[in-house]
Amino acid sequence: MQIPCPLCGPRDIREFTYKGHATYLDRPAEDAAPEAWHAYLHLRDNPAGATRDLWYHGAGCTAWLVVERDTATHAVTGARLAREVKHAG
Amino acid sequence: MADLIARSPAQGLVPVEIGGAKLTEAPMVPIWAVAPYAGKAAALSAALEKAHGLPFPEPGALLSKGSTRLAWAGMEMAFLMGTAPDEKLADHAALTEQSDGWTHLVLEGPAARDVLARWVPVDLSPSACPPGAARRTLVGHMGALILHPGGDRFEILVFRSMAGTAVHEMTRAMRAVAARAAL
C-alpha cells in the first residue's frame with residue numbers, strides 16, 4: 001500500500017502512522033454541549049466504501065495528511081495536507 | 001580543564017568496501033536546521049538567496065553552491081550545510097544548529113543503488129531520483145535523510161546515536177549484494 005503524500009510523492013505505508021477518521025479535525029468548541037464532545041470522541045461510522053482519515057508522515061516530511069480511501073476495495077484515491085483541509089473549512 | 005578528544009560519529013566504523021560499493025564518512029561540516037516562521041517563507045527564501053546564493057529548496061530538492069548546500073528536510077524545514085547561517089535569516093526562520101547530531105555517511109559505487117534498495121522504501125532509480133535530490137525516508141527502521149548529488153553517490157544522514165546500526169545494516173546489504181553479483 002502506498003499513500004500519495006502531497007509533498008513527497010507516493011510513499012510506502014511503513015513511513016506513515018494511522019490516527020483515525022478525519023473527524024478529529026472538527027474539534028468542538030470548548031463550551032460545546034457534552035453530546036458534541038461525546039460524538040467527537042466516540043461516535044464513528046463504519047463505512048463499506050469511501051472514507052477519510054488522518055495519517056502522519058512521521059518517517060518522511062512529518063506532515064499530517066487527510067487520506068481518502070475505500071474500505072471495500074482498499075484503493076487510496078488521494079491525500080491532502082491536513083492543514084489545508086482544515087483551513088479550507 | 002579536561003582536554004576533550006573530537007570524534008566523528010562513525011569514526012572507527014568506516015571505511016567499508018565490499019564489491020561495487022564503498023561506505024565512508026563525510027567530513028563533519030556545520031549543519032543548521034532552517035524553519036520559516038508562519039507567513040515568512042517567501043521572505044526567508046529571498047534572504048537565503050541574498051546571503052548564501054540559494055533559495056529555499058522545493059520539496060525533495062538538494063541545492064548547492066560551492067561548499068554550501070541547502071537540502072529540503074521535511075515540511076517547512078531545510079538543512080543548511082557547510083556554513084553557519086547569516087544572522088539576518090533569524091528574522092524569518094528558527095535556526096537550530098544540529099552539526100554534531102547527525103551521522104553523515106557516503107555510499108558510492110556502481111552497486112550503491114542496489115545496496116540502498118535493500119533498506120530504503122523509496123525509488124532511488126535515476127528516473128525517480130535525479131541528481132540534486134533529497135529524500136526524507138527510512139533506512140531499515142531508522143529515520144534518515146538521503147542526499148543524491150549525482151552519479152552513483154548517495155549520502156545518508158541518520159541520527160548520531162544510530163551510527164553503529166547504520167554502518168552494520170549498510171555493511172550487511174553490501175555483503176548480500178556482492179554475494180548475489182558473484183553467483
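Let me open with chain A. Take the contacts (heavy atoms within 4.5 Å) in chain A between residues at least 6 apart in sequence: 44% of them join residues at least 24 apart.

Some ground rules. This is a predicted model, where local features need pLDDT of at least 70, side-chain atom pairs count only at pLDDT 80 or more, and totals for chains, interfaces and linings use all residues. Residues are numbered from 1 along each chain as its sequence is written, chains are lettered from A and ligands numbered from 1 in the order in which they are written, and side-chain values use heavy atoms, with hydrogens and water left out.

Back to chain A. Chain A has 2 helices and 6 strands. Both kinds of element are DSSP runs, numbered from the N terminus: helices are H or I with at least four residues, strands are E with at least two. From the N terminus on, the order is β-β-β-α-β-β-β-α. The C-alpha atoms fill a box of roughly 40 × 30 × 20 Å, taken along the principal axes. Chain A has 89 residues, and 36% of them count as buried. Buried means under 20% relative accessible area, exposed means over 50%, and partly exposed is in between, with a 1.4 Å probe and protein chains only.

Now chain B, starting with the open sheet. 5 strands form it, in the order 4-5-6-3-7, and the pairing is antiparallel. Two strands pair if DSSP finds at least two bridges between them. Strand 4 (62–65) and strand 7 (93–97) stand at the edges with a single partner strand each, so one side of each has no neighbour in the sheet. Neighbouring strands of this sheet are turned by 20° against each other on average, direction ignored.

Look at strand 3, residues 31–36 of chain B. It is joined to strand 7 of chain B by 5 bridges, antiparallel. W32(B) stands opposite E97(B) in strand 7. Helix 1, residues 41–52 of chain B, lies across strands 3, 4, 5, 6 and 7 of chain B, and runs at about 145° to strand 3. Axes here are lines fitted to C-alpha atoms, for helices over the stretch in contact, and angles run from 0 to 180 degrees between N-to-C directions.

H92(B) is buried, at 17% relative accessible area. Leaving out residues up to four places away in sequence, H92(B) touches P36(B), Y37(B), K40(B), A43(B), L44(B) and A47(B).

Next, strand 8 of chain B, residues 102–108. 6 of its 7 residues are buried, so strand 8 is largely enclosed by the rest of the structure. Strand 2 (residues 21–25) of chain B pairs with strand 8 over 4 bridges, antiparallel. Strand 11 (residues 153–159) of chain B is joined to strand 8 by 7 bridges, also antiparallel. L105(B) sits opposite E25(B) and opposite I156(B) in strand 11.

On to salt bridges: a side-chain nitrogen of Lys or Arg within 4 Å of a carboxyl oxygen of Asp or Glu. In chain A, E15(A) and R11(A) form one at 3.0 Å, N to O. Both E15(A) and R11(A) are buried. In chain B, R153(B) bridges to E108(B), with the closest N and O atoms 3.7 Å apart. R153(B) is in strand 11 and E108(B) in strand 8, so the pair ties together parts 45 residues apart in sequence. Salt bridges that share partners join R69(B), E108(B), R153(B) and E155(B) into one network.

Last, the interface. How many residues does each chain bring to the contact? Chain B gives 11 and chain A gives 13. The area buried between them is about 1000 Å², 60% of it from carbon and sulfur atoms. That is the accessible area (1.4 Å probe) that two parts lose on being put together, summed over both. M75(B), P121(B) and R136(B) supply 49% of the area that chain B buries against chain A, more than any other three residues.

The count between the chains is 1 salt bridge. E76(B) forms it with R83(A), the closest N and O atoms being 3.0 Å apart. The largest share of the side of chain B that touches chain A, 4 residues, comes from strand 9 of chain B. E76(B) is partly exposed at 38% relative accessibility, and R83(A) is partly exposed at 37%.
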